[in-house]
Amino acid sequence: MGETTEIQDGTVNGDEATWKVDATKPVAVKVTFTAKADGDEISGHAKAGFFPKTPFSGRRAAA
């Protein structure tokens with residue numbers, strides 16, 4: 001939603017990572033991310049407050 005925020009409580013264990021962010025739009029909520037990296041790809045889920053988990057994925061951009 002066009003926000004910039006700081007990562008909180010970030011941890012990496014091998015190819016797994018977790019972190020939290022505070023979102024303010026459309027409502028104020030802490031979002032917890034859990035992800036697994038595989039080469040140039042990452043996937044996992046985000047959990048925002050009482051909302052259900054939402055999957056996400058991404059790929060490293062070319063330099």
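## Basis of the model

The model is predicted: local features need pLDDT of at least 70, side-chain atom pairs count only at pLDDT 80 or more, and totals for chains, interfaces and linings use all residues. Residues are numbered from 1 along each chain as its sequence is written, and side-chain values use heavy atoms, with hydrogens and water left out.

## Overall make-up

The protein has zero helices and five strands, in the pattern β-β-β-β-β along the sequence. Helices (H or I, at least four residues) and strands (E, at least two) are DSSP runs, numbered from the N terminus. Along the principal axes, the C-alpha atoms fill a box of roughly 35 × 25 × 20 Å.

Of the 63 residues, 16% count as buried. Buried means under 20% relative accessible area, exposed over 50%, and partly exposed in between, with a 1.4 Å probe and protein chains only. Among contacts between residues at least 6 apart in sequence, 3% join residues at least 24 apart; a contact means heavy atoms within 4.5 Å.

## The sheet

The five strands form an open sheet in the order E1-E2-E3-E4-E5, with antiparallel pairing. The edge strands are E1 (8-13) and E5, each of which pairs on one side only. From one strand to the next the twist averages 20°; axes are lines fitted to C-alpha atoms, for helices over the stretch in contact, and angles run from 0 to 180 degrees between N-to-C directions. Two strands pair if DSSP finds at least two bridges between them. Strands of a sheet pair through backbone hydrogen bonds, either parallel or antiparallel.

## Strands E1 and E2

E1 and E2 run antiparallel and are joined by four bridges. Gln 8 has Lys 20 of E2 as its bridge partner, and Thr 11 has Thr 18 of E2. Two residues lie between the strands in a hairpin, where Gly 14 in the turn has a positive phi of about 65°. Asp 9, in strand E1, has a phi near 50°, a positive value in a residue other than glycine. With 54% relative accessibility, Asp 9 counts as exposed.

Side chains alternate along E2.

## Strands E2 and E3

Eight bridges pair E2 with E3 in the antiparallel sense, and Val 21 stands opposite Val 31 in E3. The hairpin from E2 to E3 passes through five residues. Pro 26 lies in the loop between these strands, and a cis peptide bond with omega of about -5° joins Lys 25 to Pro 26.

Val 31, in strand E3, is buried, with a relative accessible area of 11%. Leaving aside residues up to four places away in sequence, Val 31 touches Trp 19, Lys 20, Val 21, Ala 23, Ala 46, Lys 47 and Ala 48. Val 31 and Phe 50 are 19 residues apart in sequence and 10 Å apart in space, C-alpha to C-alpha.

## Strands E4 and E5

E4 (residues 41-48) and E5 run antiparallel, joined by six bridges. Ile 42 stands opposite Gly 58 in E5. The two strands form a hairpin with five residues between them, and Gly 49 in the turn has a positive phi of about 55°. Strand E5 has six residues (54-59), of which zero are buried, so this strand lies largely in the open.

## The largest pocket

The largest pocket holds about 190 Å³ of space. On a 1 Å grid over the protein atoms alone, a cavity is a set of points where a 1.4 Å probe fits but cannot get out, and a pocket is an open set with protein on both sides within 12 Å along at least five of seven lines; lining residues have an atom within 4 Å of a point. Grid points are joined across faces, edges and corners, and a volume is the space filled by probe spheres set on the points.

The largest pocket is lined by 13 residues, with Ala 23, Lys 25, Val 29, Val 31 and Ala 48 nearest its centre. E2 (16-23) and E3 (29-38) each supply at least two residues of this lining. By class, the lining has nine nonpolar, one polar and three charged residues; Ala, Val, Leu, Ile, Met, Phe, Trp, Tyr, Cys and Pro count as nonpolar, Asp, Glu, Lys and Arg as charged, and the others, Gly among them, as polar.
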